[in-house]
Amino acid sequence: EGYDEDAALTFGKAISGMLAQSKGRSLGIFEAKEKEAPRPGAAESEKASVFGMHIKVDHSEGRTVARDADGKAMHPKQVRGYLERAFKDDLSAAEEALAAL
């Protein structure tokens, strides 16, 4: 949807986390969190719509990245490192398959 690789990596991590939490709640593994009331005077976080999901974003350091559940900017290098560890020698093939879609 027009985002760079840093944004795409962190948005993917945010979406996968949201979906995992939802699945865990539906299976009874996690309890639903109570929504906290907004703090008085707190600014609302900017959100990006990605595949119909709304992701909190951070626009610092000249880039756009997703925020984690605690509101901190995610680090694309950490997401990339996780993918390299998880896919090992198959990462290039997986990236090529996704690029072909």
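**Figure 1. Glu61, an exposed residue in a loop.** At a relative accessibility of 67%, Glu61 counts as exposed. The model shown here and in the other views is predicted. Glu61 sits in the loop between β2 (53–58) and β3. The phi angle of Glu61 is positive, about 55°, although Glu61 is not a glycine. The side chain of Glu61 takes part in a salt bridge with Arg63, in which the closest N and O atoms are 3.6 Å apart.

**Figure 2. Lys88, in the loop between α2 and α3.** Lys88 is placed in the loop between α2 and α3 (91–99). Phi of Lys88 is near 50°, which is a positive value in a residue other than glycine. Lys88 has a relative accessible area of 63% and is exposed.

**Figure 3. The salt bridge between Arg80 and Glu5.** The side chains of Arg80 and Glu5 meet in a salt bridge, 2.5 Å from N to O. The pair links distant parts of the chain, with Arg80 in helix α2 (residues 76–87) and Glu5 in helix α1, 75 residues apart. Glu5 is partly exposed, at 48% relative accessibility.

**Figure 4. The salt bridge between Asp58 and Arg67.** Asp58 and Arg67 form a salt bridge through their side chains, at 2.9 Å from N to O. Arg67, with a relative accessible area of 26%, is partly exposed.

**Figure 5. The aromatic pair of Tyr3 and Phe11.** A search of the whole structure finds 1 aromatic pair. Tyr3 and Phe11 make up this pair, with ring centres 4.9 Å apart and 70° between the planes. The arrangement is edge-to-face, because the angle of 70° is over 60 degrees. Phe11 is buried, with a relative accessible area of 3%. Tyr3 is partly exposed, at 38% relative accessibility.

**Figure 6. A patch of positive charge on the surface.** Five residues gather in this patch: Arg25, Lys33, Lys35, Lys47 and Lys56. Arg25 lies in helix α1, which covers residues 5–26. The relative accessibility of Arg25 is 37%, and Arg25 therefore counts as partly exposed.

**Figure 7. Asp70 and its distance from Lys33.** Asp70 lies in the loop between β3 (65–66) and α2. With 65% relative accessibility, Asp70 counts as exposed. Asp70 and Lys33 are 37 residues apart in sequence, and 13 Å separate the two in space, C-alpha to C-alpha. Lys33 also belongs to the patch of positive charge on the surface.

**Figure 8. A nonpolar patch on the surface.** Leu27, Ile29 and Phe30 form this patch, and together have about 310 Å² of accessible area. Ile29 is placed in the loop between α1 and β1 (47–50). Ile29 has a relative accessible area of 59% and is therefore exposed.

**Figure 9. The protein chain that holds these sites.** The secondary structure of the protein chain comes to 3 helices and 3 strands. From the N terminus on, the elements run α-β-β-β-α-α. The C-alpha trace of the protein chain spans about 50 × 40 × 25 Å along its principal axes. Of the 101 residues in the protein chain, 20% are buried.

Conventions:
Residues are numbered from 1 along each chain as its sequence is written. This is a predicted model: local features need pLDDT of at least 70, side-chain atom pairs count only at pLDDT 80 or more; totals for chains, interfaces and linings use all residues. Side-chain values use heavy atoms; hydrogens and water are left out. Rings of Phe, Tyr and Trp (its six-membered ring) pair if their centres lie within 6.5 Å; planes under 30 degrees apart count as stacked, over 60 as edge-to-face and the rest as tilted. Buried means under 20% relative accessible area, exposed over 50%, partly exposed in between (1.4 Å probe, protein chains only). Patches are made of residues with over 30% relative accessible area and no salt bridge: like charges are joined within 9 Å, nonpolar side chains (Val, Leu, Ile, Met, Phe, Trp, Tyr) within 5 Å. Accessible areas come from the Shrake-Rupley method with a 1.4 Å probe; for residues, only the protein chains shown count as cover. A salt bridge is a side-chain nitrogen of Lys or Arg within 4 Å of a carboxyl oxygen of Asp or Glu. Lys and Arg count as positive and Asp and Glu as negative; His and the chain ends are not counted. The place of a charge is taken as NZ of Lys, CZ of Arg, CG of Asp or CD of Glu. Helices (H or I, at least four residues) and strands (E, at least two) are DSSP runs, numbered from the N terminus.
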